[in-house]
Amino acid sequence: LPEWEYNGNPDLVGYRIQYSKAGSKGSVLSHVIMDRLEREFTIEDLEEWMEYEVRVQAINGIGSGPWCQVVHGRTRESVPSSGPTNVSAFATTSSSILVRWGEVQEADRNGLILGYKVVYKEKDSDTAPNFWAVEGNNTHSVQLSGLGKYVLYEIQVLAFTRIGDGRSSSPHILERTLDDVPGPPVGILFPEVRTTSVRLIWQPPAQPNGIILAYQITYRRNSSSSNAATVDVLSPSARQYTATGLKPETVYVFRLTAQTRKGWGEAAEALVVTTEKRARPQPTSRPTVPQEEVQARRVLLSWEPGSDGLSPVRYYTVQYKELPNSNWTVHSASVSHETNSHIVDRLKPFTSYQFRVKATNDIGDSKYSEESEAITTLQDAPDKAPVILSVTPHTTTSVLVRWQPPSENHINGVLLGFRVRYRELHYDRLRSFSVRTVNSPSANWADFTAPYSIRNLSESSLTQYELDNLSKHKRYEIRLSVYNAVGEGPSSTPQEVFVGEAVPTAPPQNVVVQSSTATQLDVTWDPPPLDAQNGDIQGYKIYFWEFQLQNETERVRTLFLPELGVKLKNLTGYTTYMISVAAFNAAGDGPRSLPTRGRTQQAAPSAPSCIHFSELTTTSVNVSWGEPKQANGIIEGYRLVYEPCTPVDDSSPRTPGVSKIVTVDVKGSAPLWMKIKDLADGVTYNFRIRGKTLTYGPEIEANITTGPGEGAPGPPGEPFISRHGTALTLHWTSGDQGRAPITRYVIEARPSDEGLWDILVKDIPKEVTSYTLNLDMLREGVTYDFRLIAVNDYGYGSPSAPSPSISAQKVSPFYEEWWFLVVIALVGLIFILLLIFILIIRGQSKKYTKKSDSGNHSNCTALPLTHGEMVRLDEGRFPALELNNRRLSGKNSFCRKNGIYTRSPPRPSPGSLHYSDEDVSTKYNDLIPAESSSLTE
């Protein structure tokens, strides 16, 4: 509606759509769209193949405007939604059933009924059902022939349109074919053979064709006439028979037949030799397959029997193997012993096989024969159609068909190409056709459709094709099939397309994305080039999704006006989006533009994903939380708030702990946990946590009650502490274990000056009752209290009574004390002085020993003092002086003319020094001194 005709507030303008079945006086349905910018609405839940009348009116805050002109539209055909009515079945012979049915209810036809299919199979059989097709809508009965005798069948009927098969009738009808004479009994064996008797066993006929009333057994010598045969009639439950009075080493013929109410059936015949020298049969010859007997799904296998080991062969087993890698599979384990060939059916076309055969007699199985040569079955027509993925207008006179070919095992040969069938649909003839259908049931779909045109595509690798040279403004039906050298496969489900306008062949240009808010992106673009629009652009589709999550998060915003911008709202904060834009016209959607990236601004995060409590004691708990599911930005931190749910008397010594609201800000995005230590025992606390980006988001909250839970352990005994060196050892006794065994112990500590209890050691084995702490774990010089908590599967138990307070001051060993170091220093000094004194005494003794030795020589010869000798002077009780002797020159010679030994005077010293020769050791008393001299200063 033009804006100048709103006649009111534009924000209150909307539309009402009304629709009903054409020509029907039933209920009229309507929808209201309160967005004045909308230009399109899809009416859903309509009936298939039904003509509707639709009209639209505008509404505002005052009321409704006039209705537009009524338009007619018909929904497309579909498959029938129910089966024919009044289905019945009647057995006419032992191998045929007559099936009748009525019309499909008109409301469930969903199109023009082109024919019916009778679906039947044996009851409780795992085989695929059989289909008997009846073309046309004027025949409502069919006689099913070639059925099994006296077999119970499940029968249903379905109708089909040109779209496909509808639902089958329900419930299925059960009908049994009439009975007949039975087939031959099977599995005849002679497990016991003697020279004069044999015992044979058998199984009922594979085709009983009725109720078995009796068995008849006849036997005679193989060389005698039938008149000499012995006949015996057995009950229907008999499965074995013993014949006696036979002649040794003789061949006998046994015939076994069954009887129904229709009479005796075909006989099964077997030979037996009355001998005890029987053996297993020898393998057959290598089976062969003549090339002229090879078909697409079956081959004729031939072989020559081996020796029967004096026990006639009862049956053969045929196996086949699909090359190159399949296992051997039994095709038949009951091939008659009277034949040397067998038709192997149910094979795959254009597939290589090998075969082998084994024989079985009364003694057992032979070995399998040598494998046959590899045989490849012939090609067959494909048995499956391609799947048409899309049919879209490409130009004003062409459409682009895309498909997926059938799998290789359904092509049944070498794929040569595809076959496209298309024809024009004349919907303007629908009304007259509907009238004729009532009056003339023989009318069919061909009355208002053109014959198919066919195009052969000889490239087997194609997956799309442009079907051109079509008529403008016409609706077409398109089918697709594949073909090989043998023939063409079934056609695909038909697809309809309107040809006139083509979809745009180029995407919108210059797509720009700008971030507006935390939940909105503004997108602008330019239209596709004029030569690629292929008609009037009716609007745009904006595809947007979170980066790298296209399959999970892709959404579409449709603009039904050729506007060149849109505001994408209700997005996730601080999230990167990819945006692609496509234009559309009456023919359909054009290609998308390349994705353009944009990111919304930061917003408050969502609430943390979870909150969890652990290590709960009477005064502390470990609180952890999960990251917000939508961060909506960079997480700068978290705010944790906790408070008691009921007032706490913080002045009471029994309940020390938090009694008011506590707020803790955690900086950064990690860690996501915090240890809370200032809680009161037995109090329920409320914890609230929320994250922060630019601002705080919503919070998550949970309650927790401190103290041991039900079933937790009781308190251990009060610990006592022993100190040794730099370690403390805690000793305790076990308490009540609670409802579960104790798994470990925990040590808590606190400073004695009313500090907070905190877990010091977590995992102490349950078996121990003492634990040694290194003082390095504590603060030096602080006095601590300790207590024990036992833990089991129910949680932390009650704490023990606190230990006596003890200081964490380290006690240094005596060898680190200052007084010990001083003593060691003094002892060392005394030792050094004592050593010096001893060395002086020893040196003095050596000197005088040498002087005494010199008196025994000539008076004119004196031994000079060598360098380093020491002279001790202790006369007059002066301190001893040590003088280094130097080698004397010629002026200070020790030899004098009078032969008297003299020495040089010493260097002057304070006071009066007296030098005497009386220092000569008494042990040298045998020496007579020549002269003594003295010097006084």
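Q: What makes up the secondary structure of the protein?
A: The protein has three helices and 57 strands. A helix here is a DSSP run of H or I with at least four residues, and a strand is a run of E with at least two, numbered from the N terminus. The model is predicted, so local features need pLDDT of at least 70, side-chain atom pairs count only at pLDDT 80 or more, and totals for chains, interfaces and linings use all residues. Residues are numbered from 1 along each chain as its sequence is written, and side-chain values use heavy atoms, with hydrogens and water left out.

Q: Why is Asn 60 called buried?
A: Asn 60 has 19% relative accessibility, so it counts as buried. The cut-offs are under 20% relative accessible area for buried, over 50% for exposed, and partly exposed in between, with a 1.4 Å probe and protein chains only. In the protein, buried residues make up 39% of the 937 residues.

Q: Where is Asn 60 found?
A: Asn 60 sits in the loop between strand S3 (51–59) and strand S4 (64–67). A hairpin through four residues joins S3 to S4.

Q: What makes S3 and S4 a pair?
A: S3 and S4 run antiparallel and are joined by two bridges. Strands pair if DSSP finds at least two bridges between them, so two bridges meet the requirement. Within S4, Trp 67 stands opposite Gln 57.

Q: Which residues is Asn 60 in contact with, leaving aside its neighbours within four places in sequence?
A: Asn 60 is in contact with Tyr 6, Asn 7, Gly 8, Leu 12 and Val 13. Contact means heavy atoms within 4.5 Å. A polar atom of the Asn 60 side chain also lies 3.0 Å from the backbone oxygen of Tyr 6. A polar contact is a pair of N or O atoms within 3.5 Å; within protein, one must be able to donate a hydrogen and the other to accept it, and residues adjacent in sequence count only if both atoms are side-chain atoms.

Q: Why does Thr 377 count as buried?
A: Thr 377 has a relative accessible area of 3%, so it is buried. Thr 377 is in the loop between strand S27 (375–376) and strand S28 (387–395).

Q: What does the side chain of Thr 377 reach?
A: The side chain of Thr 377 reaches the backbone oxygen of Lys 348 at 2.6 Å. Thr 377 and Lys 348 are 29 residues apart along the chain, and their C-alpha atoms are separated by 7.3 Å. Not counting residues up to four places away in sequence, Thr 377 touches several residues, including Val 294, Leu 347, Pro 349 and Tyr 353.

Q: Why is Val 387 called partly exposed?
A: Val 387 has 46% relative accessibility, so it counts as partly exposed. Val 387 is found in strand S28. Val 387 and Trp 403 are 16 residues apart in sequence and 5.5 Å apart in space, C-alpha to C-alpha.

Q: What makes Trp 403 and Phe 418 a tilted aromatic pair?
A: The ring centres of Trp 403 and Phe 418 are 5.1 Å apart, with 55° between the planes. Rings of Phe, Tyr and Trp (its six-membered ring) pair if their centres lie within 6.5 Å; planes under 30 degrees apart count as stacked, over 60 as edge-to-face and the rest as tilted. The pair is therefore tilted. Trp 403 lies in strand S29 (residues 398–404) and Phe 418 in strand S30 (residues 417–425), so the pair ties together parts 15 residues apart in sequence.

Q: Why are Trp 403 and Phe 418 both called buried?
A: Trp 403 counts as buried at 3% relative accessibility, and Phe 418 is buried with a relative accessible area of 0%.

Q: How do you know that the charged end of Arg 74 sits over the ring of Trp 49?
A: The charged end of Arg 74 is 4.8 Å from the centre of the Trp 49 ring. A charge sits over a ring if NZ of Lys or CZ of Arg is within 6 Å of the ring centre and within 35 degrees of the ring normal. Arg 356 lies over the face of Tyr 368, at 4.1 Å from the ring centre.
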